[in-house]
Amino acid sequence: YLIAQSDDQIVGYVGAIIVDGNADITTLTVAPEFRKRGIGREMLRRIIDWARTQKSKSVMLEMRIGNLEAEPLYLSFGFVEISRRPDYYGPGLNAVVMRKDLV
């Protein structure tokens, strides 16, 4: 996990695990009042760099379909859709599975 702070307040965090040589981002969020300041971009860059140091072949994540704030960020880092998961976030709340190859 990495956290972003402003003064003594946590304003964002990202977490990832490595399974079978692939990193999986389990969470990435920035407090609404701190969005659009590059915090999410920097945390994503750092977690991808960490995955590289761990010799990960790829980085994976799930994103709620229709998340118009996160999608451009992930696409700008080279993530591509590889599948979808119906009801992943609850009834009618589907996810897109995305992957960025590192090798």
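Student: Leaving aside its neighbours within four places in sequence, with which residues is I25 in contact?

Tutor: This is a predicted model, in which local features need pLDDT of at least 70 and side-chain atom pairs count only at pLDDT 80 or more, while totals for chains, interfaces and linings use all residues. Residues are numbered from 1 along each chain as its sequence is written, and side-chain values use heavy atoms, with hydrogens and water left out. Contact means heavy atoms within 4.5 Å. With neighbours within four places in sequence set aside, I25 touches V14, G15, A16, L44, I47, V59, M60, L61, E62 and F79.

Student: Is I25 buried or exposed?

Tutor: The classes rest on relative accessible area: buried is under 20%, exposed is over 50%, and partly exposed lies in between (1.4 Å probe, protein chains only). I25 counts as buried because its relative accessibility is 6%. This residue is found in strand β3.

Student: In what order do the strands of the sheet lie?

Tutor: Strands of a sheet pair through backbone hydrogen bonds, either parallel or antiparallel. Strands (E, at least two residues) and helices (H or I, at least four) are DSSP runs, numbered from the N terminus, and two strands pair if DSSP finds at least two bridges between them. Here, an open sheet of six strands has the order β1-β2-β3-β4-β6-β5, with mixed pairing.

Student: Which strands does helix α1 touch?

Tutor: For angles, axes are lines fitted to C-alpha atoms, for helices over the stretch in contact, and the values run from 0 to 180 degrees between N-to-C directions. Helix α1 (residues 39–53) packs on the sheet and touches β1, β2, β3 (22–30), β4 (58–64) and β6 (95–101). The direction of α1 makes about 165 degrees with that of β3.

Student: Which residues take a positive phi in the two hairpins?

Tutor: In the hairpin of β1 and β2, with two residues between the strands, D7 has a positive phi near 55 degrees. In the hairpin of β2 and β3, which has two residues between the strands, D20 has a positive phi near 50 degrees.

Student: Where does K36 lie, and what is its phi?

Tutor: K36 lies in the loop between β3 and α1. Its phi is near 65 degrees, a positive value in a residue other than glycine. K36 is classed as exposed because its relative accessible area is 72%. D87, in the loop between β5 and β6, has a positive phi of about 60 degrees although it is not a glycine. At 46% relative accessibility, D87 is partly exposed.

Student: What is the volume of the largest pocket, and which residues are closest to its centre?

Tutor: Rolling a probe the size of a water molecule over the atoms shows where empty space is left. On a 1 Å grid over the protein atoms alone, using a 1.4 Å probe, a pocket is an open set of points with protein on both sides within 12 Å along at least five of seven lines; lining residues have an atom within 4 Å of a point. Grid points are joined across faces, edges and corners, and a volume is the space filled by probe spheres set on the points. The largest pocket has a volume of about 720 Å³. Of its 26 lining residues, the closest to the centre are L28, N67, E69, A70 and Y74. β3 gives the largest share of the lining, six residues.
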